[in-house]
Protein chains: 2
Amino acid sequence: MRDEYRADLLQVNKLLVWMADAVRSAMKRATNALLNADQTDAEEVIARDAEVNALYRLVEDKVYDLCARQAPVASDLRLLLTALHLAADLERMGDLADHVAKTALRRHPARAVPEPLVETFEQMGEVADRIAGKISSAISNLDIVAAAQLERDDDAMDKLHTGLFGIMFSPQWTEDTESAVDSALLGRFYERYADHAVNAGRHVVFLVTGETLDTRER
Amino acid sequence: MRDEYRADLLQVNKLLVWMADAVRSAMKRATNALLNADQTDAEEVIARDAEVNALYRLVEDKVYDLCARQAPVASDLRLLLTALHLAADLERMGDLADHVAKTALRRHPARAVPEPLVETFEQMGEVADRIAGKISSAISNLDIVAAAQLERDDDAMDKLHTGLFGIMFSPQWTEDTESAVDSALLGRFYERYADHAVNAGRHVVFLVTGETLDTRER
């Protein structure tokens with residue numbers, strides 16, 4: 001019974017790593033779609049969001065099934081529910097990559113990001129990729145050091161987000177309203193992606209240490 | 001035992017109604033703060049978001065406790081986890097009201113919403129209030145008719161959201177970039193508020209009928 005339980009937990013872990021890798025790859029391609037007006041990448045990200053949702057559903061089913069079959073004690077239960085929270089954050093990260101891709105596609109063949117913000121979004125894409133990479137390795141190796149570093153990466157994202165508004169509200173900004181609207185929303189998508197990654201990291205820390213952290217989204 | 005279980009469920013239900021009422025009132029006041037540049041209302045909404053988060057935590061603790069003490073069978077477990085999902089959606093609605101209030105406060109004493117969009121945001125506020133009212137009564141009376149109506153209200157919100165961009169991208173639009181950015185983000189806050197309400201409604205339908213619906217966020 002105990003062995004079976006461990007095997008089930010391992011499978012949940014594998015599914016979570018799979019989700020993390022999927023939402024990492026999604027945001028990487030979405031960023032490329034955005035910066036290079038790449039239609040293929042944009043369409044691929046949008047098409048593949050369904051896979052992330054399907055993985056989320058698998059995690060949910062697996063956890064429900066585990067709870068029902070094993071009637072876990074309180075501490076194990078909290079662990080399993082934490083895995084659910086983690087999956088929910090990853091699923092949402094997939095949605096946000098999907099939003100970025102859809103913005104890129106809507107403006108195709110034009111580039112959705114205006115020239116003055118290209119560098120900012122390049123950097124946001126890099127931070128997002130670094131963050132998602134850490135989440136993946138934090139889950140797969142139960143690496144709480146990587147998980148804990150996410151807060152710092154999130155600070156970098158917040159700084160880029162603030163800088164984005166600095167550029168948009170400067171007197172040199174001459175882009176039209178549509179560009180302003182797209183850029184503001186895109187900035188929010190990247191920022192939320194990082195927020196969910198930080199939440200996911202906190203869930204990993206809890207999974208490993210059993211220590212409760214504030215996991216409320218901001 | 002069974003009686004105790006029922007009493008616990010009733011308490012979870014009460015907490016959820018409390019949360020729904022709180023996030024309804026929060027968005028109502030946030031909308032007033034936004035449209036009338038009302039600093040008191042804005043500050044009140046921001047201060048009270050912590051209460052919504054505390055209620056969420058109470059629901060979580062209650063559900064964990066229930067799971068641990070009662071070792072519910074699979075169907076009951078799914079019910080309890082659905083209550084958790086519902087609470088998470090309500091908590092997020094509170095966050096979004098908080099975001100609206102913060103935007104109002106940041107622009108105070110100026111009004112964050114420019115003249116051409118006042119009517120749109122008035123209507124978005126009305127739809128948000130109607131939606132939140134239905135969620136509250138759907139939870140407290142397990143009223144699946146009210147819950148099902150939420151999809152239609154959400155359509156109304158989506159239409160307002162589309163209309164908002166129509167106004168902003170029209171040649172008559174002469175507002176500055178900051179107004180465009182704020183309006184785009186505010187529009188998204190209201191739209192997400194309604195999305196979470198629709199999710200919450202689906203959770204209520206599931207709680208009452210046991211029928212699974214697609215509750216993925218968009």
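1. Two residues are said to be in contact here when they have heavy atoms within 4.5 Å of each other. By that rule, in this predicted model, 35 residues of chain B are in contact with 35 residues of chain A. Putting the two chains together buries an area of about 3200 Å², and carbon and sulfur atoms account for 61% of that area.

2. On the side of chain B that touches chain A, the elements that give two or more residues are helix 2 (39–70), helix 3 (74–107), helix 5 (144–168) and helix 6 (177–209) of chain B. Among these, helix 3 of chain B gives the most, with 10 residues.

3. What kinds of polar pairing are found across the interface of chain B and chain A? The rule finds four residue pairs in polar contact there, with both residues of each pair at pLDDT 80 or more, while the count of salt bridges across the interface of chain B and chain A is zero. Over all chains, by contrast, the count of salt bridges comes to 35.

4. Within chain B, D182(B) forms a salt bridge with R106(B), and the closest N and O atoms of the pair are 3.1 Å apart. Because D182(B) belongs to helix 6 of chain B and R106(B) to helix 3 of chain B, this pair ties together parts that are 76 residues apart in sequence.

5. In chain A, the salt bridge between R188(A) and E191(A), whose closest N and O atoms are 3.6 Å apart, stays inside one element. Both residues lie in helix 6 of chain A, three residues apart, which is about one turn of the helix.

6. Together with L142(A), I144(A) and V145(A), V208(A) makes a nonpolar surface patch of about 310 Å².

7. The backbone has a cis peptide bond in each of the two chains. In chain A the bond from H108(A) to P109(A) is cis, with omega near 5 degrees, and P109(A) is placed in the loop between helix 3 (74–107) and helix 4 (118–141) of chain A. In chain B the bond from H108(B) to P109(B) is cis, also with omega near 5 degrees, and P109(B) is placed in the loop between helix 3 and helix 4 (118–141) of chain B.

8. Which residues other than glycine have a positive phi? One of them is A37(A), with phi near 45 degrees; A37(A) lies in the loop between helix 1 (2–36) and helix 2 of chain A and counts as buried, at 16% relative accessibility. Another is L142(B), with phi near 45 degrees, which is found in the loop between helix 4 and helix 5 of chain B and is partly exposed, with a relative accessible area of 45%.

9. A last point concerns helix 2 of chain A (residues 39–70), where Q70(A) has its place. Q70(A) counts as buried, at 15% relative accessibility. From Q70(A) to V45(A) the separation is 25 residues in sequence and 37 Å in space, taken from C-alpha to C-alpha.

Note on methods:
Residues numbered from 1 in each chain as written. Chains lettered and ligands numbered in written order. Predicted model: local features only at pLDDT ≥ 70, side-chain atom pairs only at ≥ 80, totals over all residues. Heavy atoms only, no water. Patch = residues over 30% accessible without salt bridge, like charges linked within 9 Å, V, L, I, M, F, W, Y side chains within 5 Å. Areas by Shrake-Rupley, 256 points an atom, 1.4 Å probe, with all protein chains shown as cover. Salt bridge = Lys/Arg side-chain N within 4 Å of Asp/Glu carboxyl O. Buried area = accessible area lost by both parts, 1.4 Å probe. Polar contact = N/O pair within 3.5 Å; in protein donor to acceptor, adjacent residues only side chain to side chain. Helix = DSSP H or I, 4+ residues; strand = E, 2+ residues; numbered from the N terminus. Buried < 20%, exposed > 50% of the residue type's maximum accessible area, 1.4 Å probe, protein only.
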